[in-house]
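Student: Please give me a close look at one residue and its contacts. Then place it beside a sheet and a helix from elsewhere in the model.

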Amino acid sequence: MIDKTLDRRIAAARRRLEALGRLASNPPEPQRALLSEAMDELSAALEQLQQGGADGGRPRGEGRAVPRRTLDALEEERRRLFAVLDLLPAFIYLQGRDYSVHFANRRFRELFGDPGGRRCYQVLSGRQAPCEECPTFRVLENGTPQLWEWSSKAGRTYMVYNDRFPSPDGPEMVLNVGIDVTEHKRAEEALQWELAVSRALAELSNSLIVSSSSVEDIASIVLDCAKRLTNSAHGFVSSIDPQTRASVAHTLTAMMGKQCRVSGKNRIVAFPIGPDGRYPALWGHALNTREAFYTNSPGTHEASRGVPKGHVPLRNLLAVPAVAGQELVGEVALANSDSGYTERDLESVKRLTELYALAVQRQRKEEALVQSEQRLRKLAEISPVGIFRTDARGHCLFVNPKWCEIAGLTAEEALGEGWIRGLHPEDRDGVAGAWYEAARHNRPFAMEYRFAGRDGRTTWVFGQAAAEMSEAGDAVGYVGTITDITERKRAAEEIARLAKFPDENPNPVLRVSEDGAMLYANKAGLPVLAVWGCRQGEPLTGRWHQFVQEALRDGRSRQSELECGGRIFSLTFAPVVGSNYVNVYALDISKRKRAEQEVRKLNEKLEERVAERTAQLEAANQELKAEIAERRRAEEALRASETKYRDLVQNASSIILRADTRGNITFFNEFAQQFFGYREQEILGRNVVGTIVPATDRAGRDLAAMVNDIAQAREGYAANEKQNMRRNGDRVWIAWTNKAIRDACGRVVELLCIGNDITERKQLEQELLRVGEVERQHVGQDLHDSLGQTLSGTAYLSQVLHRKLAAKSLPEAADAAKIAGLLSESVALAKSLARGLCPIEPGPEGLMTALGELALRVESLFGISCIFECLRPVLVHDIGVAGHLYRIAQEATTNAVRHGRGGEVLVRLSSRGGLIELSVLDDGVGLPREWNGKEGMGLRIMRYRAHAIGASFEVRRRPEASTAVTCRLPIRQDWTDGEVADRHDEAC
């Protein structure tokens with residue numbers, strides 16, 4: 001019976017230890033379970049052996065002696081047990097209280113050698129004294145098995161299990177079992193590294209998704225992630241300037257300490273490329289080779305040139321070039337890692353750099369696209385031909401000003417199918433059919449047709465269009481042009497009419513080539529051919545051929561006379577410029593010749609003078625007639641142009657006015673009169689301020705000064721959106737386009753202003769912003785009240801579950817603890833999201849509370865002094881308005897910290913004079929003196945939010961070189977408490 005029990009227990013222990021060997025590369029939880037079960041079986045077998053020997057050969061509960069064969073069987077089982085231990089894949093040894101090794105299995109001897117009665121610390125660690133805090137003998141003290149990790153001199157990691165080993169014939173010992181878990185530990189470290197890199201890539205990817213992220217923003221995130229992954233103290237991220245090829249660093253650390261002479265708002269260091277086309281020093285090695293590298297001894301590297309005076313010493317360096325496709329776009333460089341750089345560090349930075357290269361490439365493509373669109377828009381405006389765009393169905397989407405001029409239609413009239421209604425009635429059906437047929441079959445369109453203008457003028461055009469293709473190869477629309485060919489058509493008709501002249505001419509007309517061939521002769525010229533002795537197509541000989549050659553040689557006409565059938569003809573040999581033939585024009589001068597013969601007898605010389613003078617007078621008369629006719633045509637064209645311009649301006653659906661340099665109105669079209677409610681005789685000569693422009697806007701800005709700037713043709717007002725005033729006092733939003741009219745000397749003499757009503761669009765924008773803010777409040781409240789409460793309850797239940805499992809010593813308790821931890825992190829994340837979506841608590845005091853919390857949060861995150869100042873309560877009842885003011889303050893404080901680099905930021909909220917004023921002031925470096933007013937995305941967003949709530953927005957440089965951002969908002973009539981607070985301020 002004892003034999004069978006021992007056999008079963010030893011066999012079970014062996015199976016579990018063999019399975020444990022197979023799981024050496026798996027996670028630790030299955031190993032612990034198998035090891036614990038195997039040790040339980042071995043302990044039970046050993047205890048059974050000990051009890052069998054301790055009873056002196058007597059079975060338990062009996063008084064008679066155990067038979068000799070039973071004792072022999074027990075001894076045999078003991079030998080079998082140690083034989084099994086010797087074959088197991090784990091190292092196993094028995095250790096006495098004096099640290100001596102009493103038994104070591106074969107795996108132990110293979111790894112550490114034969115113990116030969118030595119102490120465990122001598123065999124395993126090569127020490128001469130016991131290891132500090134050795135956990136081995138704790139099992140003898142508390143009777144509980146121990147499980148711990150131990151690293152050998154060879155760098156291998158083992159999971160060691162200790163348990164009591166009862167000995168029937170000696171002192172109690174400790175059984176030690178070790179399983180090699182080195183590969184598992186390495187896999188676990190690799191997994192942690194992958195998770196860290198993935199989190200960094202996810203953080204960087206989020207910034208790439210946001211279209212407002214600049215290269216500087218992305219470079220800052222890349223540097224933070226790279227330093228964190230590699231444990232580096234310093235570094236920089238740069239991009240290559242496409243023009244100069246310099247490496248421009250967008251980030252700057254304290255590597256150069258006080259020796260750094262770079263100052264200003266944008267602390268950017270540019271590393272120029274060398275005269276040989278290569279980047280100097282160690283930082284340029286990666287850019288020159290386009291290969292990533294690292295060195296833990298920078299001074300010995302082939303590209304090292306030392307460091308500048310004042311530069312921090314370099315213990316190690318890692319550099320990765322940023323390459324997008326075949327283009328070198330930047331570099332990520334790191335220095336001074338505490339533990340030195342490894343291939344794993346190089347791989348993690350490579351992954352970050354790949355995303356950074358794509359970000360730089362995308363930014364440059366977006367900038368190129370914007371510039372291209374601007375050039376195309378300008379080209380369309382100044383193009384001498386009409387340009388139009390349609391959708392895939394052929395409906396008009398866009399026409400340029402030249403198209404409108406040629407077709408005699410406005411841009412609004414041309415949209416959709418409106419351009420077809422402007423065609424000449426005789427051409428309308430044919431052109432529309434050909435156009436839609438070309439669009440349906442995706443074929444180019446080219447055709448001549450006519451437009452019938454409202455003034456009755458018919459314009460001939462040549463229209464052509466080609467398909468605009470998508471990336472998938474489908475036609476998404478058409479782009480085309482129209483060219484005014486009216487004059488060409490008239491010229492063609494005149495040429496056709498003149499082409500009939502020779503055949504209809506009663507006088508002979510002939511054409512002779514340079515080699516004398518008779519090319520043409522009209523019917524009246526056949527008698528002349530008979531006199532010359534040739535026919536059409538045959539050569540002309542004699543002196544007549546000589547006339548032709550001389551006329552072609554010097555390009556001048558020749559005159560001669562010919563008698564034919566009793567008639568005398570005057571022949572003119574006229575060479576045609578640019579050709580090799582001569583036209584011969586014959587004029588019957590028989591009567592003149594007879595008269596000449598009669599008069600010649602009287603005074604031949606007088607006749608010659610009269611003829612010469614007559615020819616001169618005729619030429620002068622023709623020139624005078626031609627000049628008079630040309631002047632009449634010019635006057636008629638001028639009158640037609642003035643009529644067209646007057647009709648276009650008066651009938652335009654836009655506000656058109658002209659004003660002198662003092663702002664006095666000199667022209668006010670009919671649409672403007674109807675829109676603002678003034679008759680022409682009431683408005684002309686009056687200043688725009690006080691009529692259509694109020695003296696101040698609702699935010700208190702001086703609009704008279706702004707009108708003066710516009711009148712002086714300031715470039716910043718070429719196009720702007722401003723509030724205007726109708727005669728009845730209504731405020732309206734107008735989008736103005738202003739153009740200075742200059743005299744011959746370039747002085748501004750007048751201003752042309754064209755405006756369009758955008759009041760409804762502004763109201764819709766304000767409503768959308770208000771609705772968006774309310775929705776964010778609702779979503780944030782739902783996150784806090786619903787999701788946050790649910791996650792909190794689930795986290796509490798998970799903690800309860802963890803305690804229950806831990807009380808039962810179940811291995812699943814660790815998993816429950818991890819779940820509880822993740823749920824706690826989710827609760828914190830949900831609260832953070834809710835705070836980000838609705839930072840302002842409901843109620844009129846919400847803005848003050850939120851700004852105070854913002855100041856505390858900025859001070860905590862960035863380690864600077866951030867103060868919120870509100871001397872008296874400022875109550876804002878509109879949650880949308882409060883949200884916009886808070887977002888403006890949030891963006892301004894972020895800019896002050898990031899770009900101002902000062903030590904203190906002041907957020908001030910006050911109400912006075914009917915206005916709520918929000919200011920953000922810092923003691924940083926301030927705006928550069930050469931700042932031209934160009935704003936980045938952050939400033940544009942703040943200005944847009946301010947305008948959306950009817951507030952003014954100003955960014956200015958303070959006298960002490962710092963920056964002030966100010967937003968002023970008129971207090972609305974429905975804010976009763978706010979107005980009370982405002983009057984209280986004025987009283988104080």
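Tutor: Strands (E, at least two residues) and helices (H or I, at least four) are DSSP runs, numbered from the N terminus. The model is predicted: local features need pLDDT of at least 70, side-chain atom pairs count only at pLDDT 80 or more, and totals for chains, interfaces and linings use all residues. Residues are numbered from 1 along each chain as its sequence is written, and side-chain values use heavy atoms, leaving out hydrogens and water.

Take Ser-232. It lies in strand β6, residues 232–240. Ser-232 counts as buried because its relative accessibility is 9% (buried is under 20%, exposed over 50%, partly exposed in between; 1.4 Å probe, protein chains only). Its side chain makes a polar contact with the side chain of Thr-230 at 2.6 Å (a pair of N or O atoms within 3.5 Å; within protein, one must be able to donate a hydrogen and the other to accept it, and residues adjacent in sequence count only if both atoms are side-chain atoms). The Tyr-341 side chain makes another with that of Ser-232, at 2.7 Å. Leaving out residues up to four places away in sequence, Ser-232 touches Lys-227, Leu-334, Ala-335, Asn-336, Ser-337 and Tyr-341 (heavy atoms within 4.5 Å).

Now the sheet. Its 5 strands run in the order β2-β1-β5-β4-β3, open and antiparallel (strands pair if DSSP finds at least two bridges between them). β3 and β4 pair over 6 bridges. Ser-151 has Thr-157 in β4 as its bridge partner.

Last, the helix. α27 covers residues 937–948. Its buried residues include Leu-939 and Met-942. Gly-950 follows α27, with a positive phi near 75 degrees.

Conventions
Expected span 1.5 Å × (residues − 1).
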